[in-house]
Amino acid sequence: MSMMFCRLSWSMRSIQREAARRWHHTSLTTDLIENMDKKATWDRFYTETGDKNKFKNFEWFFGFDSVQDFILPLLDTQPKTNAPLHILDMGCGTSALGPCIYRDSQRQVKVTCADISPVAVCLMQEHAQNSPVESKNPHSTLVFQELDCAELEGHFGPGSLDVIVDKGTTDALLRSREGRAKAGQIVRQCLWALRHSGSLLQFSDEDPDARLLWLEKEIRNDGGEVQADVWVQEIGVLRGICYFCYQVTPHKTVC
Ligand SMILES: C[S@@+](CC[C@H](N)C(=O)[O-])C[C@H]1O[C@@H](n2cnc3c(N)ncnc32)[C@H](O)[C@@H]1O
């Protein structure tokens, strides 16, 4: 698959490489290496890197162009209903991913861009107001919401989401000192919130040997029963790092 990567893109490995290269790395870099599961780290990140007067999307790994072929065809295969497809960009940050799905989907969608950081949500909201994007479907909607994705139950109904996209959010939690348990909780919340025809897409630089093992553990219920199917596809290589798309689809009984 051909890939277009955004120039302004970071990955966990590039942060770690950069930090290791410098003798004195900043306290923000230290925070990012160790505490990417913490709201305070991300509030600080978006405050220090964002510019209210001149908004610029910040893309983790890469932008929408690199992953649209994993997302848009999946929307087309969802069962036809009168209701819009509900898409959640989980841990949206200031990425253009959610707004681009809203813009390019022919099907009617409601895209919710959600993040634990109110700073990121506020920047996105203001940008959408100042530079509105037109959707291919005039009935589609785009909303921004501050929320902790480990607590989807407080915000969405069971089986109410069609597609959840996660670009770098689970990676951030898994690589933090204390984020692993929360990352597992997020996967279980996604399975609870997804329609049985729906899918969670995780875009990640983690190797399948590690991520599949972890996902296969997290998709089991308390009785050890497997609650979902998991697939992996290679996205491509950027600056020597291979990226993957992990697709998790709940079994019908979960909802
Ligand atoms: C690595 S960044 C990726 C941002 C964005 N998806 C992108 O592709 O540029 C991880 C994002 O997850 C958010 N985040 C971390 N924990 C979260 C949680 N529990 N619930 C919602 N968002 C969370 C952070 O605020 C941050 O914006």
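In this predicted model, helix α4 passes helix α5 in a right-handed crossing. The protein has 9 helices and 9 strands. Of its 255 residues, 40% are buried.

**Helices α4 and α5**
- Helix α4 covers residues 64-76, and helix α5 covers residues 97-104.
- The two helices pack at an angle of about 55°, and their axes lie 11 Å apart.
- Because of that angle, α4 is oblique to α5.
- On the α4 side, the residues that meet α5 are F64, Q68, I71 and L72.
- On the α5 side, the residues that meet α4 are L97, C100, I101 and D104.
- By type, the residues of this contact divide into 6 nonpolar, 1 polar and 1 charged.

**Residue Q185**
- Q185 is found in helix α8, which covers residues 180-193.
- Around Q185 there are 17 other C-beta atoms within 10 Å. A residue counts as buried with 20 or more such atoms and as exposed with 12 or fewer, so Q185, with its 17, is partly exposed.
- Q185 and I219 are separated by 34 residues in sequence. In space, the distance between Q185 and I219 is 10.0 Å, C-alpha to C-alpha.

**Contacts across the chain**
- Among contacts in the protein with a separation of 6 or more, 76% are between residues 24 or more positions apart.

Technical notes. Residues are numbered from 1 along each chain as its sequence is written. This is a predicted model: local features need pLDDT of at least 70, side-chain atom pairs count only at pLDDT 80 or more; totals for chains, interfaces and linings use all residues. Axes are lines fitted to C-alpha atoms, for helices over the stretch in contact, and angles run from 0 to 180 degrees between N-to-C directions. Helices (H or I, at least four residues) and strands (E, at least two) are DSSP runs, numbered from the N terminus. Angles under 35 degrees count as roughly parallel, over 145 as roughly antiparallel, 65 to 115 as roughly perpendicular and the rest as oblique. A crossing is left-handed if the near helix is turned anticlockwise from the far one by less than a right angle, and right-handed if clockwise. Two residues are in contact if their C-beta atoms, placed from the backbone, lie within 7 Å. Ala, Val, Leu, Ile, Met, Phe, Trp, Tyr, Cys and Pro count as nonpolar, Asp, Glu, Lys and Arg as charged, and the others, Gly among them, as polar.
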